[in-house]
Amino acid sequence: MKILVYGAGILGSQLAHVLVRGGNEVTILARGKRAEELEKDGIVIRHVFQFKTTVDPVRVARTLEVDDQYDLIFVVMKYNDFPSVLPILADNQSSNIVIVGNNADARSMQNFLEENSRVAKQVAFGFHVSAGKREKDRMLSVGGGSGQMVIGSLDGEIGFKPLLGQAFQHVKYKLNVLSDIDAWLKSHIIPILMLNAVSFNEERELIKLDGNRKQIQHMIGAMDEGFSVLEAMGITIIPEIQGRLIRKHQRMLYLLLKIYSMLPVHKLVAGSFGEIEALNNAFNDWKKITGTPTPHWDVLKRDFTPLK
């Protein structure tokens with residue numbers, strides 16, 4: 001199967017690695033030094049928990065041209081980078097697109113593609129469950145050995161679900177298909193935003209979490225408030241266990257966050273400041289729409305984060 005992975009960062013590289021291992025004809029879109037690395041060395045990933053390094057030769061493209069055709073396109077990038085890519089996807093002749101990553105505005109992205117594309121588009125949204133960081137000329141992965149993606153359509157069944165099954169049929173990669181992917185994505189944003197917002201200094205540089213009692217208590221309170229904002233918008237918290245942990249097991253969550261703040265692993269799962277800022281802007285819009293008070297989040301932003 002002919003597949004394009006649009007984005008050659010950590011998660012895009014991990015996904016391309018899986019798809020190559022599945023016997024697909026994979027092209028990865030990259031630019032600059034990253035494109036040169038991929039052409040010279042292939043996709044090099046050090047798998048931390050599996051104690052191994054994999055190398056996969058891959059085709060490299062620097063642009064997506066109008067007449068380029070792929071059976072599937074996976075767009076794997078940060079939330080704040082999606083808008084610049086949508087017009088390019090709309091011009092391209094390929095029909096089946098999966099937009100992968102944090103997403104506060106899936107509906108408007110789908111509407112743009114449906115209204116502006118040269119050919120009819122079928123769009124799904126997903127989240128590749130993994131993490132890692134760039135390490136010189138390779139990617140360091142802390143995801144599971146097999147991997148998985150939470151995926152779904154905004155309007156019923158994914159129209160190209162058989163193609164997805166074919167793409168992953170020869171690898172141990174789980175597609176967790178949800179009936180309400182938009183609710184999952186919005187629910188996922190809340191802990192991501194509250195955890196990552198305290199991980200940057202005024203210079204927008206990634207720092208070690210403080211982990212003091214006051215900070216952690218405000219983080220837990222802010223997550224609860226975030227879910228209340230979503231519920232005021234009529235959005236179900238998915239998965240339900242996430243809401244229960246934050247609201248009914250706060251002592252356990254406090255201990256988990258205390259341990260999390262002491263370990264360097266948070267730097268492997270942290271987002272970029274630009275993405276966190278964009279997610280914060282979306283959350284502020286939701287707050288204005290609902291009028292939901294968020295005193296813990298307001299204190300957290302004022303005292304512990306460079307977000308405005």
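## Close-up views of a predicted protein model

**Figure 1. The whole chain at a glance.** Among contacts in the protein between residues at least 6 apart in sequence, 74% join residues at least 24 apart, where contact means heavy atoms within 4.5 Å. This is a predicted model, in which local features need pLDDT of at least 70, side-chain atom pairs count only at pLDDT 80 or more, and totals for chains, interfaces and linings use all residues. Residues are numbered from 1 along each chain as its sequence is written, and side-chain values use heavy atoms, with hydrogens and water left out. The protein has 12 helices and 12 strands; helices (H or I, at least four residues) and strands (E, at least two) are DSSP runs, numbered from the N terminus. Its C-alpha atoms fill a box of roughly 55 × 45 × 35 Å along the principal axes. Why does the radius of gyration agree with a compact globule? With 308 residues, such a globule would have a value near 19 Å, and the protein has 19 Å. The radius is taken over C-alpha atoms, and the globule rule is 2.2 Å times the number of residues to the power 0.38.

**Figure 2. Strand β6 and its cover.** How many residues of strand β6 (residues 72-76) are buried? Five of the five are, so the strand is largely enclosed by the rest of the structure. Buried means under 20% relative accessible area, exposed means over 50%, and partly exposed lies in between (1.4 Å probe, protein chains only). Look at both faces of β6: L72, F74 and V76 are buried on one side, and I73 and V75 are buried on the other. For the protein as a whole, 53% of the 308 residues count as buried.

**Figure 3. The strands that pair with β6.** Two strands pair if DSSP finds at least two bridges between them. Strand β1 (residues 2-6) and β6 run parallel, joined by four bridges. Here you can find I3 with its bridge partner L72 in β6. Strand β7 (residues 96-100) also runs parallel to β6, and four bridges join them. In this pairing, V76 stands opposite V100 of β7.

Figure 4. Strand β1 is mostly covered, as four of its five residues are buried. Five bridges join β1 to β2, and the two run parallel; Y6, for example, has L29 in β2 as its bridge partner. T27 lies in strand β2 (residues 25-29). Is T27 buried or exposed? With a relative accessible area of 7%, T27 is buried. Leaving aside neighbours within four places in sequence, T27 is in contact with I3, L4, V5, R59, V60, A61 and Y70.

Figure 5. The loop between α7 (213-232) and α8 (240-248) holds P239. The peptide bond from I238 to P239 is cis, with omega near -5°.

**Figure 6. Y254 and the residues it touches.** Y254 sits in helix α9 (residues 250-262). At 16% relative accessibility, Y254 counts as buried. Which residues does Y254 touch, not counting residues up to four places away in sequence? They are R213, I216, Q217 and I220. Y254 and I216 are 38 residues apart along the chain, yet their C-alpha atoms are separated by 6.7 Å.
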